[in-house]
Amino acid sequence: MDTQEKKSIKKKLEGACVGIAGIGGLGSNAAVALARAGVGHLVLVDFDVVEEGNLDRQYYFFDQIGKLKIDALVETLRRINPSLDCIVHPVKLKRGSMEILFRDVDVILEGLDRAETKTAFIEEVLLKLPGKPLVASSGVAGYGEPDRIVTLHMGNFYLCYDEKAKSSEEDVLIASHVALMANWEADLALRIILGEHHGH
Amino acid sequence: MAIEVNGRTVEWKDNETVTQLLQRIGYVFPLVIVKINDSIIPRKDFSQAIIPDQAAIKVIHMVSGG
């Protein structure tokens, strides 16, 4: 790849905006990957507070316990890239209007935890924002079977999927596996931003 | 007279709804996303949406974790 092409990738990423719904294990790790990759704009939506129990897999630190995840994550992201533009919404997504905050982003990345919320969110986005690229995941729990993860690609919808994984109520959530799925989602978001064949 | 469900060929039945198809193929997961051809079918419509012949169907189950 020549310098010109590398510059063009950098420029595209700087101009791109990714919206992240939920910044727990998936969303926080994905946000860090996107910020390091050079994505210039992030929209973050989460109402939660950092708890000690999050530290085993989410991108937060002991000294951030008690802070809003939104504030804690922006603090971390700005240590990576001080000029990163973060639009934050410390709110809970509400049924019937879950897609609204993501209308203007280039790619939506789903980082929610409960299956019910994930399903509702995906449904609303696909139905109400039909042209909008969406990256989501199902099957985050467990460990030791990374080869089972696949990408299902259906139009503008990309799902990072482990069909055989159990739910997090029946299996453990482990940092390595959660980060794998989060980075998988982030990687797909980059592919969407840069175009499928860019640089290949 | 056949449909494709997650890449597998399944017999098509006249006037069958999404709910009935999921039962017939033994898909028991409580939370699924269903796509028929290129359209997503909202869950509230599962009991009314009729599967057309030759349809390509994707059924994805969502599990908790994040």
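Biologist: Which residues have the most contacts inside the largest nonpolar core?
Modeller: In this predicted model, those residues are V18(A), I20(A), A31(A), L34(A) and A189(A), and the core has 73 residues.

Biologist: Which element gives the most to this core?
Modeller: Helix 5 of chain A, residues 175-194, gives eleven residues.

Biologist: What is L34(A) in contact with, leaving aside its neighbours within four places in sequence?
Modeller: L34(A) touches V18(A), V39(A), L42(A), A186(A) and A189(A).

Biologist: How does strand 1 of chain B pair with strand 2 of chain B, in the parallel or the antiparallel sense?
Modeller: The two pair in the antiparallel sense over four bridges, and A2(B) has E11(B) as its bridge partner in strand 2. They form a hairpin with two residues between the strands, and N6(B) in the turn has a positive phi of about 50°.

Biologist: And strand 5 of chain B?
Modeller: Strand 5 pairs with strand 1 of chain B in the parallel sense over two bridges. There, the bridge partner of E4(B) is A56(B).

Biologist: How many residues does each chain bring to the contact?
Modeller: Chain B brings 15 residues and chain A brings 31 residues. On the side of chain B that touches chain A, strand 5 of chain B gives the most, with three residues.

Biologist: What are the confidence scores, ipTM and pTM?
Modeller: The model scores ipTM 0.87 and pTM 0.94, and the mean pLDDT of chain B is 94.

Conventions: Residues numbered from 1 in each chain as written. Chains lettered and ligands numbered in written order. Predicted model: local features only at pLDDT ≥ 70, side-chain atom pairs only at ≥ 80, totals over all residues. Contact = placed C-beta atoms within 7 Å. pLDDT = per-residue confidence, 0-100. Core = buried A, V, L, I, M, F, W, Y, C linked by C-beta atoms within 7 Å. Buried ≥ 20, exposed ≤ 12 C-beta atoms within 10 Å, placed from the backbone. Pairing = 2+ DSSP bridges.
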